[in-house]
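Subject: Structure handover

Hello,

Please find the structure below. My notes on what was found in it follow.

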Amino acid sequence: MAIDEGSEAPAFSMPASGGRTVSSETLKGKPYVLYFYPKADTPGCTKEACAFQEALPQLGHLGIDVIGVSKDKMKPIEKFAEKYNLTFPLASDETTHVAEDYGVWVEKSMYGKTYMGMERSTFLIDRAGKVARVWRKVKVEGHAKQVLEAVKALG
């Protein structure tokens, strides 16, 4: 199921770093960024997470929360968050239910083998709980900056 701009953002509730729980219910009425990444503490995912961490003061000033989501268990997520001083919540979607709802749990292939995996994607959700922007198959370089620009345009 693909989520498009203007769609109702699927509901979620997941355990997150720092002993937190993130849920669409507690974010109601507040815009936020939900980004999906393949695996904690890998080069691309680290670069992406650090870029969002760097943009956090500006995003926070604009009233935006950032939540990173992967299939990883909480232990590697906690280690990843600690290692890079990531203060925003990194959520664990071990069951991939949230990733499936957002259409980012997809068939991938590498070296001729196909497997299911997380597509690096980002969703900007507006105050009304609607998807304002979607970035699929994200290229890490400059992505956090693109998201920040989109947030500014949201108003």
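S8 covers residues 121–125 and is mostly covered, with 5 of its 5 residues buried. Helices (H or I, at least four residues) and strands (E, at least two) are DSSP runs, numbered from the N terminus.

This is a predicted model, in which local features need pLDDT of at least 70 and side-chain atom pairs count only at pLDDT 80 or more, while totals for chains, interfaces and linings use all residues. Residues are numbered from 1 along each chain as its sequence is written, and side-chain values use heavy atoms, with hydrogens and water left out.

S8 runs antiparallel to strand S3 (residues 32–36), and 5 bridges join them; strands pair if DSSP finds at least two bridges between them. Leu124 in S8 is the bridge partner of Val33. S8 also runs antiparallel to strand S9 (residues 131–135), through 4 bridges, and here Phe123 stands opposite Val134. S8 and S9 form a hairpin with 5 residues between them, and Gly129 in the turn has a positive phi of about 80°.

**Ser70**

Is Ser70 buried or exposed? Ser70 is buried, because its relative accessible area is 0%. Ser70 lies in strand S4 (residues 65–70). The side chain of Ser70 makes a polar contact with that of Tyr37 at 3.4 Å (a pair of N or O atoms within 3.5 Å; within protein, one must be able to donate a hydrogen and the other to accept it, and residues adjacent in sequence count only if both atoms are side-chain atoms). Leaving aside neighbours within four places in sequence, Ser70 is in contact with Tyr37, Pro38, Ile77, Ala91, Ser92, Asp93 and Met118, where contact means heavy atoms within 4.5 Å.

Asp41 is not a glycine, yet has a positive phi of about 60°. Asp41 is found in the loop between S3 and helix H1 (43–61) and counts as partly exposed, at 34% relative accessibility. Asn85, also not a glycine, has a positive phi of about 50°. Asn85 sits in the loop between helix H2 (74–83) and strand S5 (90–92) and is exposed, with a relative accessible area of 59%.

Regards

Methods:
Buried < 20%, exposed > 50% of the residue type's maximum accessible area, 1.4 Å probe, protein only.
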